[in-house]
Each structure stands twice: as C-alpha cells, then as structure tokens.
Amino acid sequence: MKKKTVAQVLAKRTKKRFAIHLDVLAIMPDLSEREVRKEIERLRRNGVMIVSDLKRGYWISNDEAEIRQWLRQYVARAKAYYVTAKPAMQAIGENSFTKLF
C-alpha cells in the first residue's frame with residue numbers, strides 16, 4: 001500500500017476539530033517529525049494555509065481569524081528568536097542577518 005504524502009493527509013484536515021498532531025502525522029507518510037516540519041514549511045511557502053496550535057496540531061484553514069491567530073503566534077516566535085540572537089550578533093560585530101547567510 002502506497003503511503004500518503006503530508007499534503008494528502010492534511011487535505012482532509014480542513015477544520016480545527018480535525019487537526020492532527022505532529023507525531024501522528026509523521027506515521028502516515030512514514031517520515032521523521034523533522035521531515036514533516038520541513039514539508040509543512042515547504043507547503044506554507046507555496047501558499048497552503050496550514051495553521052497549527054500546540055493543543056490540537058495541524059490543519060488547513062481558510063478561516064481568516066484562525067490564520068491571523070496562527071500568524072500572530074508565528075511572528076511572535078520570529079521576534080523572540082531575533083531578540084535572543086541580537087546580543088550574539090553584537091558580540092561578533094554583525095548588524096545584519098543577511099551577512100550571516
């Protein structure tokens with residue numbers, strides 16, 4: 001039997017109440033949790049509105065309020081990473097992330 005892809009599994013998860021946790025999602029396509037996260041990142045970059053929360057897991061949403069809530073959490077994490085990285089950047093004399101990559 002052919003294993004489903006992450007996109008195929010999530011395609012049936014279009015409501016918050018049908019969300020799926022990462023550990024369960026990884027079993028279906030037989031991937032590591034890291035590989036699933038990378039695939040979700042790729043799908044998001046290609047416009048698939050995959051939202052998530054710690055309690056429920058992942059689902060595809062077309063609900064503006066759910067997308068906004070997820071986006072607030074995602075951007076807050078990005079800001080926290082930046083604030084944490086800033087002292088290290090200053091310690092090595094860097095003032096831009098673009099030079100680091």
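Which elements each supply at least two residues of the lining of the largest cavity? They are strand E1 (50-53) and helix H4 (64-91), where helices (H or I, at least four residues) and strands (E, at least two) are DSSP runs numbered from the N terminus. The model is predicted, so local features need pLDDT of at least 70 and side-chain atom pairs pLDDT 80 or more, while totals for chains, interfaces and linings use all residues. Residues are numbered from 1 along each chain as its sequence is written, and side-chain values use heavy atoms, leaving out hydrogens and water.

A cavity is a set of points on a 1 Å grid over the protein atoms alone where a 1.4 Å probe fits but cannot get out; a pocket is an open set with protein on both sides within 12 Å along at least five of seven lines, and lining residues have an atom within 4 Å of a point. Points are joined across faces, edges and corners, and a volume is the space filled by probe spheres set on them.

The search of the whole structure finds 1 cavity of 30 Å³ or more. The largest cavity holds about 60 Å³ of space, and its lining includes Lys16, Val51, Trp59 and Gln73. Helix H4 gives the largest share of this lining, 4 residues.

The largest pocket holds about 610 Å³. Of its 20 lining residues, Arg44, Ser52, Tyr58, Tyr74 and Arg77 lie nearest its centre. Here the largest share, 7 residues, comes from H3, which is helix H3 (33-45).
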